[in-house]
Amino acid sequence: MKEELALLIQLQTMDLKRQKDREILESFPEKMAIAEKPLLDARSELEEARATLKVITQERKEKELALQVIEDKIVKLKLRLTDLKTNKEYHAHLQEIAAARNSKSEIEDQLITAMDEAERLTEEISEKETTLSKDEAEFSEIKKEMQAEMDAVASTVAEIEAEWQATAEKISKNLLSSYQRLFTSNKGLAVVPVNGFTCTGCHFSLPPQLIAEVKRQEKVLTCGYCHRILYAKPVEEAAK
Ligand SMILES: [Zn+2]
């Protein structure tokens, strides 16, 4: 029984390690996503700036066209000045020319604003592109490191799995299944040492008679409160 207890303790150590490794593996996608987040943000910011530049470029073209139209109009209005007969007509026509010139000047201002904005955006995009390609290279390194770390954990899991199987084969079926049931229901501790008269699983005091039997290690004994399998400290040392 002493040997089986030692094997159970070994099995428990492996199960605890497996549990931890599984948690590490499960946390990888989230860790990767957190590492990639700034990159995704930078990409969408760049896309946004490119889209804005496209809109402004389109606006600029429209303003250029409008400017052309108003310039043509002014030329035509000026040509018609000589055809006018009355003073009244002449003044009205001059007013029309003045109004056209005002619109022209407004369009010119808008065009300058659009050109400035386009220039600013072009610079911004170029800066963002440089930063992004640097960040992308950095993330690719981080990703590689994380992948290697993950592969290492996965290979440890495989090693432990093989060792676990080999150890489990040496334990009687009944004891193994009650261990597994306890391990699952007690979140990781199925076999616990006694400390003086106390079960270290639930911290309740146990009858001295039970403690004496545990120390004799002749059969599998469990705590009356938490049902965990009990052992006396030297078995733990034997398991190491
Ligand atoms: Zn207990």
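User: How do you know that residues 24 or more positions apart matter in the count of contacts with a separation of 6 or more?

Analyst: In this predicted model, residues 24 or more positions apart account for 73% of the contacts in the chain with a separation of 6 or more. A contact here requires C-beta atoms, placed from the backbone, within 7 Å.

User: Which helices and strands does the chain have, and in what pattern?

Analyst: There are five helices and three strands. Along the sequence they follow the pattern α-α-α-β-β-α-β-α.

User: How is the chain divided into domains, and what separates their centres?

Analyst: Domain 1 covers 10–168 and domain 2 covers 173–239. Their centres, taken over C-alpha atoms, are separated by 62 Å. The contact takes seven residues from domain 1 and seven residues from domain 2. On the side of domain 1 that touches domain 2, the largest share, six residues, comes from helix H1 (residues 2–80). By class, that side of domain 1 has three nonpolar, three polar and one charged residues.

User: What makes up the largest nonpolar core?

Analyst: This core has 18 residues, and those with the most contacts inside it are Leu-8, Tyr-179, Val-191, Ile-229 and Leu-230. Two or more residues come from each of H1, helix H3 (173–185), strand S1 (191–195) and strand S3 (229–231). H1 gives the most, with five residues.

User: Which residues is Val-191 in contact with, leaving aside its neighbours within four places in sequence?

Analyst: Val-191 is in contact with Leu-8, Ile-9, Gln-12, Tyr-179, Arg-228, Ile-229 and Tyr-231.

User: Why are S2 and S3 called edge strands?

Analyst: Three strands form an open sheet in the order S2-S1-S3, with mixed pairing. Strand S2 (198–199) and S3 each pair on one side only; they are the edge strands.

User: How do S1 and S2 pair?

Analyst: S1 and S2 pair in the antiparallel sense over two bridges. The bridge partner of Val-194 in S2 is Cys-199.

User: Why is Glu-48 called exposed?

Analyst: Glu-48 lies in helix H1. It has 11 C-beta neighbours inside 10 Å, and a residue is exposed at 12 or fewer. Therefore Glu-48 counts as exposed. Glu-48 and Ile-125 are 77 residues apart in sequence and 9.7 Å apart in space, C-alpha to C-alpha.

User: What is noted about the phi of His-203, and why does this residue count as exposed?

Analyst: His-203 has a positive phi of about 65° although it is not a glycine. Most residues other than glycine have a negative phi. The place of His-203 is in the loop between S2 and helix H4 (208–216). His-203 counts as exposed because it has 10 C-beta neighbours inside 10 Å, and the limit is 12 or fewer.

User: Why is His-227 called partly exposed?

Analyst: His-227 has 16 C-beta neighbours inside 10 Å. Buried needs 20 or more and exposed needs 12 or fewer, so His-227 counts as partly exposed. His-227 lies in the loop between H4 and S3, and has a positive phi of about 65° although it is not a glycine.

How values were computed: Residues numbered from 1 in each chain as written. Predicted model: local features only at pLDDT ≥ 70, side-chain atom pairs only at ≥ 80, totals over all residues. Domains from an automatic or database assignment. Contact = placed C-beta atoms within 7 Å. Helix = DSSP H or I, 4+ residues; strand = E, 2+ residues; numbered from the N terminus. Nonpolar A, V, L, I, M, F, W, Y, C, P; charged D, E, K, R; others polar. Core = buried A, V, L, I, M, F, W, Y, C linked by C-beta atoms within 7 Å. Pairing = 2+ DSSP bridges.
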